[in-house]
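Please open the structure in your viewer and keep the selection tool at hand. This tour goes from one selection to the next, and at each stop it says what is to be found there.

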Amino acid sequence: MPSPEYSLPDVLERMYHNQLALEAALMELTLLVESQGHDEAGDNIRTALDVIGENAGHINQGLARLKAHGAM
């Protein structure tokens, strides 16, 4: 039996946490870029962050279903 820390749900959950961390880092950079007057670049980044946030919700729901069905 594979080690639980390398199970599919665990790996996906770690990828999800990485995605959240990257989203937070991008938001920090967005605020910096916008504070320097680059509003168009800030808007572009925020559009990408919206996609990341939407996908994070789907990933989180998928992880919950995997865990609920005992895939761990």
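A residue is called buried when its relative accessible area is under 20%, exposed when that area is over 50%, and partly exposed in between, as found with a 1.4 Å probe on protein chains only. Arg46, with a relative accessible area of 31%, is therefore partly exposed. The model is predicted, so local features need pLDDT of at least 70 and side-chain atom pairs count only at pLDDT 80 or more, while totals for chains, interfaces and linings use all residues. Residues are numbered from 1 along each chain as its sequence is written, and side-chain values use heavy atoms, with hydrogens and water left out.

**First stop: helix α1**

Select residues 8–35, which make up helix α1; helices here are DSSP runs of H or I with at least four residues, strands are runs of E with at least two, and both are numbered from the N terminus. From its first C-alpha to its last, α1 reaches 41 Å with its 28 residues, close to the 40 Å expected at 1.5 Å a residue, where the expected span is 1.5 Å times one less than the number of residues. After α1, colour Gly37, whose phi is positive, near 90°.

Now which residues of α1 are buried? They are Pro9, Asp10, Tyr16, Gln19 and Thr30, and the buried residues of this helix pack against α2, residues 39–68.

Select Gln19, which counts as buried because its relative accessibility is 18%. Leaving aside residues up to four places away in sequence, Gln19 touches Ile52, Asn55, Ala56 and Ile59, a contact being heavy atoms within 4.5 Å. Move on to Glu23, which is also found in helix α1, and which touches Leu49, Ile52 and Gly53 when residues up to four places away in sequence are not counted.

Side chains of opposite charge can pair when their charged atoms come close. How many salt bridges does a search of the whole structure find? The search finds 3, where a salt bridge is a side-chain nitrogen of Lys or Arg within 4 Å of a carboxyl oxygen of Asp or Glu.

Select Arg14 and Asp10, whose closest N and O atoms are 3.0 Å apart in a salt bridge; both residues lie in helix α1, 4 residues apart, which is about one turn of the helix. Asp10 is buried, because its relative accessible area is 12%.

Next, select Lys67 and Glu13, whose side chains meet in a salt bridge at 2.9 Å, N to O. Lys67 lies in helix α2 and Glu13 in helix α1, so this pair ties together parts that are 54 residues apart in sequence. Lys67 counts as partly exposed at 36% relative accessibility, and Glu13 is partly exposed too, at 21%.

Then select Glu34 with Arg46, whose side chains form a salt bridge of 2.8 Å, N to O. Since Glu34 lies in helix α1 and Arg46 in helix α2, the pair ties together parts 12 residues apart in sequence.

**Last stop: the two helices together**

Show α1 and α2 side by side: they pack at an angle of about 160°, with their axes 9 Å apart. That makes α1 roughly antiparallel to α2. Axes are lines fitted to C-alpha atoms, for helices over the stretch in contact, and angles run from 0 to 180 degrees between N-to-C directions; angles under 35 degrees count as roughly parallel, over 145 as roughly antiparallel, 65 to 115 as roughly perpendicular and the rest as oblique.
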